[in-house]
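Hi,

Here is the structure we talked about. Have a look at it first, and my notes on what turned up follow below.

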Amino acid sequence: MRARRTSSHILFAAPIVLIAALTALPVAAQRDIRFEAAEASTTGTLVLAVPETADGETRQGAFARIDAGSQGALTRAINAAGFSGKADSQLDLPGIAGFDRVLLVGTGSGTPDARRLEDVGGLIGRFAARSKAPQVDVLWEGAEADAAAQLAFGAALGEYRFDQYRTTGKAEDAAGTGTLVVRSPAGTDAASAWDNDWKAVAEGVKFARDLVTEPANAIYPESFVERTRAAFAGKPNVSIEVLDVPAMERLGMGSILAVGQGSVRPPRMMVVRYNGGARGEAPIAFVGKGITFDSGGISIKPGENMWRMKYDMTGAASATGAVLALAGRNAQVNAVAVAALAENMPSGSATRPGDVIRTAAGKTYEIMSTDAEGRMVLVDALWYVQRQDNPRVIVDIATLTGAIVTALGNDYAGLFTRDDALAAQLTAAGEASGEPVWRMPMHPGYGKLLESPIADMRNGGGRPGSGTAAHFIGEWIDAGRSWAHLDIAGMAWRDGNELSTTPAGASAYGVRLFDRFVRENYER
């Protein structure tokens, strides 16, 4: 393959024949979502939301009507199964009470809030994805505001699947296709809340999940950009800027270039700007680590589970997906997503431990590990967005360290910031969105652990961990600027510990968090 030489390193023309074949495959189908009045059907496939009741308490509404019409079949079934309607519980009843199938979903005690409604919807979505019924009717009789839209949102998240590369053992095409009809007291009026507030967020999550789930021979810096252009096509008030290698060389972005120079796939810096707010108003910036595959470079990772390192661009996918959601629902805010895209590979042109790198900001650092590449691509991205967009707040998001998984497991993302108000906002948004964060310390002593005898600092060393990584990134943030760093290494991929709204695999963690963060703090 013929090499194309630039002033700093060698790039190769990427092979495209296989990629074209992969990207041409069809995507997994999902059900259309409709809204109707709260009238229970009498046949077909029904999902019935069931509040929790105490032993002996009489059930009302559709449950009672269907039970009476079937000579107590539902009551006998729940008594035999011990089903009481607790939150997160389900009872699947095939061929009962004149229906092909009835799924009872427990909603718990008390009035459900939006988060619980989403979780109920997620269970419904996962059921609907497995069902071959052409129509699944969901009956919600409660009067909670926007309940139908929240149920639909949860269902759209829960029904996600990715099977476009299966050619054998694939579920029949009929499964998960057709219509999901949400029947509630709001009737067809619920469609406006879904269309205006939540549909675009679900699409942003799906976009990010698709990117993360795709293999690294399909998603690499250039194809990430192509997918983004396609997703934003036709969206108003959006512009996309892409810096290629020569452009980054002119700007002195030695850090992201150093990460990408070991790969035949050249790095890219992509900036998506959405201007839905007042003209000239400073935007909110989401800056994402976009390592489309992380081998560790010369500091190569162990082979076990390296396949999952295709997920190392989750931060970039989620930052972009969040702005896609904002643009899709016409949010009245200005927002920027920056995707720092590179593939970290070992080769004769790769950077080495001990090399000294000069960043676009002029700062230098000594490489202690080429596997500490996430912070390397982020610092040039952070420098660029501050110079070009002067954002009022920056949140960077990255699958950055294994140490955060040790600390927080798969329950929280690590939040690092010196801004107490921003920490409170992100914590509240995390709880409301179902994507929680836990604030971690930024001890001033972390800087001592990064001292270098020959450069401004090191990219690791001493006592490596999530705190020193956050400190390193923070060195590129302008004094006085509101900034937070999210380490999502434990949250970006769920393997065997699915949530109702997050099936196994890519979670797209950050899309819902950022959307809620904007809704609650910045929209006019």
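First, a word on pockets: on a 1 Å grid over the protein atoms alone, a pocket is an open set of points with protein on both sides within 12 Å along at least five of seven lines, and a lining residue has an atom within 4 Å of a point. Grid points are joined across faces, edges and corners, and a volume is the space filled by probe spheres set on the points. This is a predicted model, so to speak: local features need pLDDT of at least 70 and side-chain atom pairs count only at pLDDT 80 or more, while totals for chains, interfaces and linings use all residues. Residues are numbered from 1 along each chain as its sequence is written, and side-chain values use heavy atoms, with hydrogens and water left out.

The largest pocket comes out at about 670 Å³. It has 34 lining residues, and K301, D371, L400, T401 and G402 are the closest to its centre. Elements that each supply at least two lining residues include β11 (284–294) and α11 (373–389). (Helices, H or I with at least four residues, and strands, E with at least two, are DSSP runs numbered from the N terminus.)

There are also 3 cavities of 30 Å³ or more; a cavity is a set of points where a 1.4 Å probe fits but cannot get out. The largest cavity is about 70 Å³, and its lining includes E435, R494, Y509 and R512.

Now the inside. A nonpolar core here is a set of buried Ala, Val, Leu, Ile, Met, Phe, Trp, Tyr and Cys residues joined through side-chain atoms within 4.5 Å. Buried means under 20% relative accessible area, with a 1.4 Å probe and protein chains only. The largest core has 142 residues, and W194, F224 and M253 are among those with the most contacts inside it. Helix α6 (residues 190–213) gives the most to this core, 11 residues. A second, separate core of 18 residues includes L46 and I96.

Leaving aside neighbours within four places in sequence, M253 is in contact (heavy atoms within 4.5 Å) with residues including M269, D380 and W383.

Helix α5 is worth a look too: 12 of its 12 residues are buried. Those residues pack against β3 (32–37), α4 (114–130), β8 (179–184), α6 and α15 (511–521).

Finally, S482 sits in strand β19 (residues 482–487). S482 counts as buried because its relative accessibility is 15%.

Cheers

Terms used: Buried < 20%, exposed > 50% of the residue type's maximum accessible area, 1.4 Å probe, protein only.
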